[in-house]
Each structure stands twice: as C-alpha cells, then as structure tokens.
Amino acid sequence: MKVLVIGGGAREHALCRSLSQDPAVTELHCAPGNAGIAQVATVHPVDQLDGAQVAALARRLDAGLVVVGPEAPLVAGVADAVRAAGVPVFGPSARAARLEGSKAFAKDVMAAAGVPTARSYVCTTVEEAAEALDAFGAPYVVKDDGLAAGKGVVVTSDREAALAHAASCERVVIEEYLDGPEVSLFAITDGTTVVPLQPAQDFKRALDGDEGPNTGGMGAYSPLPWAPEGLVEEVLETVLQPTVDELRRRGTEFSGLLYAGLALTSRGTRVIEFNARFGDPETQVVLARLRTPLAAVLHASATGTLDQLEPLRWDEGAAVTVVVASEGYPAAPRTGDPIEGLAEAEAADGTAYVLHAGTRAGEDGEVLSAGGRVLSVTATGADLAEARTRAYDALGRIGLKGGQHRTDIALKAAGR
C-alpha cells in the first residue's frame, strides 16, 4: 500500500513513524512534512488546505490511502475532495468535521445523542456573554466557537479576562466549569463501528504546575494508572457510539478519528470537547504503545470494514512525550534557530526518539526551528517512571537557544 499523510507537525511525524514500520506500507509520502518526517517519508510541497491539490497529488502518487492529520484541512473539505477522486481517505468530511469546527454544533449533537457534557450557552454579543458568565459563576470557561489550534479556550476566575476573550471572538460557547482530572480518548470509526484506543492525558498549560497560558499541549503520557476500571468501555457506550450514531442519523456519517476530551467529575464522566482528528501530543504516546500495524486500521476506517478488524494489540508498558517549545511560545514564538543534539537524543534500541513539530532544513543541511512547538521527545518504558526518565534524559541532549519545556510531565502519575 502506498500511503500519503497530509500535515507537517509532530502528530504527522508520529503517524509517519508508525506507518514506516508497517510492512504493508510499500511507499510513504507526506505533504508538506518537515525536517524529521523527511527522514522516513518522501515529502512534497502542497497547500494542505487545497483539496484539489491534495487529490491531484494522491492520484499522481497512486496512493492507496490518504491520512489527513490536522483539523484545518478536514474542516476545509480536503477529505471530501480526495474521496471524490476515488482514493480511500482517513478523515471525516467537512460536514462531519464541524464536530470540531463548531463548538455549538458539537453541543447540539451531544444534546440529541444524550451525551453527558457541561451545561452551556452560545453567545454572539458581549451582553449575552456577560449574562452567561454571571449565570455560571467562576471559574469561567469561554470557548471560541471556531478552530483556534487548541488555544481558543480561556479558563479563568477573572471575569474581565473571560469577557475580553468572549469579545474577541465572533461567537463563543460559555459553559459551566467541570471539576476533576481530564482524559483524552481517541476512537477510530468508519461511521458505524467504533474502535476505542488507549486513553492518555496531556498538559495544556505552558508552565510547570499547570500555570501560564493555554497552549496546543506541552506533553502527554499513557496509560493512566489512576483511571477508573472500565472507563474506556463506559465512554464507548455513553459518548463515542451515541455520537457516531447520531451523526449517521443526520446523514453526516463520521469516518476517521473521533477524539473525546473528557473530565472525570464528581458527578460522573463529562465531555469537554470533541476533535475530528488525532490530538497532539497525545498521538505521540498512544501510537508508541500500539502494536497492531497502523495502515490496516486506518484503511479499514476509510473503507468501512472496521467490523472485520481483529482486536487491537497494545504494549503493556508506558510512553511519555515532552514538548520542546521555542522562546516566546505561545505568544510570540522565535524561529530560525539551529537545533543541536538530535542524533544523540535517539536511543539505539528505539526506546527514546525525537518527533519533529515545527522544524525545517537549513541551507547547509542543519535542522532549524520553524514554529512554536518544535519537538516532541518521546520515550517508552516498562512503566511511567522509566519512560519519563528516558524522555527527559533524551531531552537533555538537545540544544535549542531559548528552548522551553515543562519538567513535570507525568510526574504525579509516575509516582502512584
């Protein structure tokens, strides 16, 4: 099978790494890719938001599967264009991707499907937002209705800050605050059958101790030793399957990756948000533990044959990923700095490796920073403590001027 992956971040590098290790994959391509992806796949320049360009590239490469990584191409209808060209594609249609592209649409689907979530108001004026904030009280949760690359949510006890965020957005969803730890659970679906993956937890805040501004994610780990027994089965029954069924009932079949961000509250499990694609950085740790070859799983989703798939196989150990971000991230990331020590960070036995997010190749072949989140340093181990030690040891060999990272990824969980 020839596979084309669309995207150029650490999520896509993780996907490409897994696909490159799959014996069923005879050719691996990525567009536009990055400096790290270029080591495992042939990269191609492409406007990833242009469905016609992507479809033309897939046809030219004679791809047997296209995997759309980021949310923006999905919302822009890239998967639709590839399907129309007759190429199997892993990723939902533009209509189905509204589950991530519009928080209000997601709330409507959840209400119809009986999915447990926070009470909320959709607001289009500052006056409406002020009323909603006062109705729920602090802490305030204000979400941009549209795509915001993981940074459109403000959770604060400062009413003025909450109102200012609402005023800066065209439309917002304001909802009650959900207490309890958060969990990310991915599921692969073909629109009917739903196959959940292993849960993970990510770290959204920029600084240790969950301080600082929201980011796209500064690290993640899997498994979750503290998660209640039967959590995956419960979420499949009460969240994932009902959502897929409701979308199919509406004639908007969801095929691809359904991501449920969950809060394990004192009143039970609640959905914080849905995404329509693999999350970053959780993908890095979930795929590190997946032992079933990835291409067949994604192809089964794209071709409506997930019900014929054998149960997924998982490594019983653990995985941890730590994000290295550029100076100034997330407000004003600095780019163009050389990255040193990448080869030294890689473990010969494959237990530690570096996934590129915002990188590019320099004129002399060196690797330069090219984004806010630059690298995801990923490691596996028999347990979280071992995986965590390996990840931070590898990170310590990397040099990036002004680079920043959290030092507490998986710290509490590893000590349980």
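Start at P32, which lies in strand β2 (residues 27-32). Helices (H or I, at least four residues) and strands (E, at least two) are DSSP runs numbered from the N terminus. This is a predicted model, in which local features need pLDDT of at least 70 and side-chain atom pairs count only at pLDDT 80 or more, while totals for chains, interfaces and linings use all residues. Residues are numbered from 1 along each chain as its sequence is written, and side-chain values use heavy atoms, with hydrogens and water left out.

**Stop 1: two cis prolines**

The peptide bond from A31 to P32 is cis, with omega near 0°. Now select S222 and P223. Their peptide bond is also cis, with omega near 5°. P223 sits in the loop between β15 (219-222) and α9. Most peptide bonds are trans.

**Stop 2: R289**

From P223, go to a residue that touches it. R289 is in contact (heavy atoms within 4.5 Å) with Q198, S222, P223, R313, W314, D315, G317, A318 and A319, leaving aside residues up to four places away in sequence. R289 belongs to helix α10 (residues 282-289).

Which side chain of opposite charge is nearest to R289? It is D315, 5.5 Å away. Lys and Arg count as positive, Asp and Glu as negative; His and the chain ends are not counted. R289 is buried yet has no salt bridge. Buried means under 20% relative accessible area, exposed over 50%, and partly exposed in between (1.4 Å probe, protein chains only). A salt bridge needs a side-chain nitrogen of Lys or Arg within 4 Å of a carboxyl oxygen of Asp or Glu.

**Stop 3: α6 against α9**

Select helix α6 (residues 103-113) and helix α9 (residues 231-249). Their axes come within 9 Å and cross at roughly 100°. The axes are lines fitted to C-alpha atoms, for helices over the stretch in contact, and angles run from 0 to 180 degrees between N-to-C directions. The two helices are therefore roughly perpendicular. On this scale, under 35 degrees is roughly parallel, over 145 roughly antiparallel, 65 to 115 roughly perpendicular, and the rest oblique.

Show side chains. F105, V109, A112 and A113 of α6 meet P242, T243, E246 and L247 of α9. By class, this contact has six nonpolar, one polar and one charged residues. Ala, Val, Leu, Ile, Met, Phe, Trp, Tyr, Cys and Pro count as nonpolar; Asp, Glu, Lys and Arg as charged; the others, Gly among them, as polar.

Stay on α9 and pick D245 and R248. They form a salt bridge, with the closest N and O atoms 3.2 Å apart. The two are three residues apart in α9, about one helical turn. D245 is partly exposed at 29%, and R248 is partly exposed at 34%.

**Stop 4: helix α5**

Move to helix α5 (residues 94-101). Its residues A96, A97, L99, E100 and G101 are buried. What covers them includes α3 (71-75), α6, α9, β16 (256-265) and β17 (268-275).

**Stop 5**

Select A118, in the loop between α6 and β6 (120-123). Is A118 buried or exposed? It is buried, with a relative accessible area of 4%. Its contacts are K107, E175, E176, L178 and V271, not counting residues up to four places away in sequence.

Step to R119. It forms a salt bridge with E176, the closest N and O atoms being 3.5 Å apart. R119 is in the loop between α6 and β6 and E176 in the loop between β9 (172-175) and β10 (182-189), so the pair ties together parts 57 residues apart in sequence. R119 is exposed at 53%, whereas E176 is buried at 10%.

**Stop 6: α7 to α8**

Pick D134 and R159. Their salt bridge has its closest N and O atoms 2.9 Å apart. D134 lies in helix α7 (residues 126-136) and R159 in helix α8 (residues 159-168), so this pair ties together parts 25 residues apart in sequence. R159 is partly exposed at 25%. The salt-bridge count for the model comes to 23.

**Stop 7: two positive phi values**

Most residues other than glycine have a negative phi. Select D210, where phi is near 55°. D210 sits in the loop between β13 (205-207) and β14 (211-214), and is partly exposed at 46%. Finish at A410, with a positive phi of about 65°. A410 is in the loop between β24 (399-400) and α14 (411-414), and is buried at 1%.
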